[in-house]
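Here's a quick tour for anyone opening this one up for the first time. Have the sequence and the 3D view side by side as you read.

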Amino acid sequence: MSLSCHLLHVLQPEEADNQYEMTSYEGAQARWCPGCGDHSVLTAVQKLLTAEQLIPEQTVFVSGIGCSSRFPHYLKTYGFHGIHGRALPVSTGVKLHRPELNVFTVMGDGDCTSIGAAHWIHALRYNLDLTVLLLDNGIYGLTKKQTSPTTPQGLKTNTQPKGSFLPALNPLAVSLGVTNASFVAQTAEWAPAHLYATLRAAYRHKGTSFVRILQRCPVFTPEVFQAAVQDPARIVLLVHDDGVVTPELNRIYSSQIHHDPGDIATARRLAEADDHIHLGVFFRDQSRPRYEETRKVTPRSPNERMSRLEEEFDRYAV
Amino acid sequence: MIDATATAASPSASTPPSVLRVPEHTVEIVSDSGEGAQKCGQIFAAVSAKMGNGVWTVEIIPAEVQPPPRVPEGASGNRVRVGSGPVTNWGDQTNLVVAFNEQVLLSRHRVGGLAEDAILLIEEMWATSDDPAVVAQWDAAMEELSSKSYRIIRVPMQEQCLTLVDNPRKGKNMFALGVLARIYGRDMDRIRDQIGHAFRKKSEAVYTTNVSLLELGYHWAEQHIDFRIDIPLEPMDTPLVVMNGNEAIGMGAVAAGFEICAMYPITPATSVSHYLSEVFERFGGIVHQSEDEIAAAGVAIGASYAGKVALTITSGPGLALKTEFLGLAIMTETPLVLVDVQRGGPSTGLPTKVEQSDLLAALYGQPGDAPHVVIAPATIEECFHVMVTARRIAETFRTVVMVLSDANLATGVSPFPRPTLDARWQAAPIDLAPVAEGDKPYDWDLETGLSRRIVPGQPAGMFTLTGLSHDEGSKVAYSSGIHQKSSAMRSRKLAVLQSLLAPPPVHGDEEGELLVVGWGSTKGAIEEAVDRTRAEGLKVSSVHLRFLSPLEPGLKAIFARFRQVVAVEINYSDDPDDPFINEENRRRGQLAMLLRSATLVDIDSWTRVPGEPLRPASIAETIRQRVHSGGAA
Ligand SMILES: Cc1ncc(C[n+]2csc(CCOP(=O)(O)OP(=O)(O)O)c2C)c(N)n1
Ligand SMILES: [Mg+2]
């Protein structure tokens, strides 16, 4: 009897004491197309906020421009819906000035890997404690079906109607190539349990956690992830206690690799493999220096500052 | 200016030297880079200021980091204008040069900055070099210099310094300083003090050697230079500090309570961040060097959004990159201070040289209707104070404030009264009080457009700001009514700010024949030109604008009291006499364009882009021409 009570408690952790519920984080009604993968990401994020009981006013979602970047409007936290490609510098400024805030960054594939590519690489290197979500539908959604860097080669779009010219850029391989990157993961919005577990691991990681979320766009690229959605055998889960474990998915995704996220060489090899889609934490290293820690300064009161400035003027006195 | 009876240096002057009493003198010290002429010039200027002379110093900088030795383009050093009273600008021509070789001297001759009768003190070792090519260069240079009536004095710097040190390449500068100290009667104890500041931290031995070289130069000049130059001292009671405009901006940023300066290196703005990088952390601030200027703007906006107003510093090309982010800050009413230390443009332009050609880009560079504040400090002192003003305006009006400085202020060094600091200049602590029920992120006061900012961490303030057109509640709104209203609210703030400003003071009489209007670093030169021409009896005055957006009030009324108004600036304008140029297509200077559209007064334009500050003499010349031609040109 006492055992079952205890189990019950584990299954529903402190539900009664919870201050915030899913609805606490609900903002405006989401206006994405029906069937858009962004809806599942929003739900998973709201679930994460609830589970972690993040204080809404201590939480900031920063985004760029694109369908996916509407994200902050649909949450009841602080939000900054900025300009195309430049969410990460804004996030950097927020975190640098107010390290106590929980800062999330939401970007589309055009946002992050094309116009914002420089910021993406450098944000990974700064390694501030940010949770960074790339909602990768392999297409420019908002501007209506133009080729993005992650569009599969050959896919017909409005700017490359004979088929996209170039092999798609691999955001995982790029991220894993950045010195001082500390967390690189991939998940898919159509696998909600995996999505949630990955977001949680990303949030809990201290440092910039970069999560590429494979995301369906039913309007412009229904074919892109169709095969993977219908045939779970195309997916391989990377499991590890230091990464994510999703026992509830064992039956659907039977092919799994025990991958130690500390192993960068294997992480890079797995990221490059194009025979299967690998979901899970590719790389994680909590020991990497974090920029906001490196740059920490002792705050000074106005009076302290002014008396130090007097000393400074002494150096320049005539 | 120099007494014509002064004779060439004689080996030993037994008669007392002639003393030339002058109200001002401009001195240059030039060498190959790495030979220390700049240090010599800096100490000479600092000591002159400490003794009670007015001083304005500009750096002479080679374009390359390490140019080859003995080439005119490699000239490196300082140009110091020393006067009895305060000196507000770099002046006209150089009266005395100390050059470490004839090639760097040639470069100064060729830019045309030397007075017809300038005194040139030149290291003579090259005349007798073992290398015939060097001797040939020397001879050619002397030939070229003989086109003017310069007075050339050969100085055996190398030979003299070798009596004390093995490698005079490091040390000639102190010898030269000693020569100048003797000629200008500078206080040797103060010079030794300055040398102490500069070298004691290296080692006592370095200090002692430098002082010996200084004294060697002094004694050499005592025996071999038959004149002295006396610029009467007018010591001031007020304590002074001496620095360049970029240091003043850095200190101003500290005084204003900024905590984040995000930047990407670009000349001539970078030295602000060099200064801040050195000291800012002691004040609880950080300099963040971003991956590019776009990111720097983004980081500053993110920080401002999350708390205290942040700062980003750049120059023309960087301003161009920041454009889209500036629009975002204006649209989301996120305060931001941007400093643009202007250089010559467009494109990479003249990276190290002064120009005032970013005005219209600063005012109108953002697509869409993007009202914001633009201010320009006119003096090095104002570079300090403007930072406090800018931060306050940005915070109060929830907008972008651009501060336009330029390379002239950035590298000019001049003393100014030590500011009396006030802790209230500092930013208030971040207020995390709960947001009241019903409060919105843009609770515009319908009359003023002002609203209170909500900052992350404030309970019940969870809104999403957006660069999309939005209503008071930050709800995305495409209806024409809301866009009309929010545009009005953002724009109204400028009118409100203008209502708080006073009309600018007129320098000279309140009415007259000609009014010169300027902005930014040209103030000193313009007012000096006005003073000179007024002394000749011309009815000329000037007005200097600090606010470019909004403009200071009352301009139209001031303009109406003068028969002609001319805007004088360092940017390009067409000369009305040039081919194809007529009244309809004539491009005027940027301030002239702005003022014409704001006042409908037929304001004329006189501008130059010489890659150097305007000289009072050339402004005075244009004043004379205009007054004598007697009508709008
Ligand atoms: C500077 C700039 N360039 C272009 C655009 C137009 N634009 C808006 S969103 C977008 C691409 C959106 O694609 P993605 O980032 O993949 O986001 P999605 O809509 O697919 O979620 C583009 C090109 C813009 N808003 N700003
Ligand atoms: Mg996309």
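Let's start where two strands from separate chains meet: E2 of chain A and strand E17 (residues 464-466) of chain B run parallel and are joined by three bridges. Two strands count as paired if DSSP finds at least two bridges between them. Within that pairing, A:Gly79 has B:Thr464 of E17(B) as its bridge partner. Helices (H or I, at least four residues) and strands (E, at least two) are DSSP runs, numbered from the N terminus.

Keep in mind that this is a predicted model, where local features need pLDDT of at least 70 and side-chain atom pairs count only at pLDDT 80 or more, while totals for chains, interfaces and linings use all residues. Residues are numbered from 1 along each chain as its sequence is written, chains are lettered from A and ligands numbered from 1 in the order in which they are written, and side-chain values use heavy atoms, with hydrogens and water left out.

**Where chain A meets chain B**

- On the chain A side, 50 residues are in contact with 72 residues of chain B; contact here means heavy atoms within 4.5 Å.
- The two chains bury about 5,400 Å² between them, and carbon and sulfur atoms give 62% of that. Buried area is the accessible area (1.4 Å probe) that two parts lose on being put together, summed over both.
- Six salt bridges are counted between chain A and chain B, a salt bridge being a side-chain nitrogen of Lys or Arg within 4 Å of a carboxyl oxygen of Asp or Glu.
- One salt bridge links A:Glu310 with B:Arg418, and their closest N and O atoms are 2.8 Å apart.
- There are also 32 residue pairs in polar contact between chain A and chain B (both at pLDDT 80 or more). A polar contact is a pair of N or O atoms within 3.5 Å; within protein, one must be able to donate a hydrogen and the other to accept it, and residues adjacent in sequence count only if both atoms are side-chain atoms.
- Which elements of chain A give two or more residues to the side that touches chain B? They are strand E2 (78-81), helix H3 (87-97), helix H5 (117-126) and helix H11 (302-315).
- H11(A) supplies the largest share of that side, twelve residues.
- By residue type, the side of chain A that touches chain B divides into 22 nonpolar, 14 polar and 14 charged. Here Ala, Val, Leu, Ile, Met, Phe, Trp, Tyr, Cys and Pro count as nonpolar, Asp, Glu, Lys and Arg as charged, and the others, Gly among them, as polar.

**Domains of chain B**

- Chain B is split into domain 1 (18-230), domain 2 (242-426), domain 3 (433-500) and domain 4 (506-629), with bounds that come from an automatic or database domain assignment.
- The C-alpha centres of domain 1 and domain 4 of chain B lie 36 Å apart.
- Ten residues of domain 1 of chain B are in contact with ten residues of domain 4 of chain B.
- Together, domain 1 and domain 4 of chain B bury about 730 Å², with 44% of it on carbon and sulfur atoms.
- In domain 1 of chain B, the residues that lose the most area to domain 4 are B:Asn89, B:Trp90 and B:Asp92, together 69% of what that side buries.
- Two salt bridges are found across this domain 1 and domain 4 interface of chain B.
- B:Asp92 forms a salt bridge with B:Arg532, with the closest N and O atoms 2.8 Å apart.
- The side of domain 1 of chain B that touches domain 4 divides into one nonpolar, five polar and four charged residues.

**A sheet in chain B**

- Five strands of chain B form an open sheet in the order E18-E20-E19-E22-E23, with mixed pairing.
- Its edge strands, each pairing on one side only, are strand E18 (506-507) and strand E23 (604-607) of chain B.
- Strand E22 (residues 562-569) of chain B runs parallel to E23(B), and four bridges join them.
- B:Glu569 stands opposite B:Thr607 in E23(B).

- A:Asp129 forms a salt bridge with A:Lys206, the closest N and O atoms being 3.3 Å apart.
- A:Asp129 lies in the loop between H5 and strand E4 (130-136) of chain A and A:Lys206 in the loop between helix H7 (192-204) and strand E6 (209-214) of chain A, so this pair ties together parts that are 77 residues apart in sequence.
- A cis peptide bond joins B:Thr267 and B:Pro268, with omega about 0 degrees.
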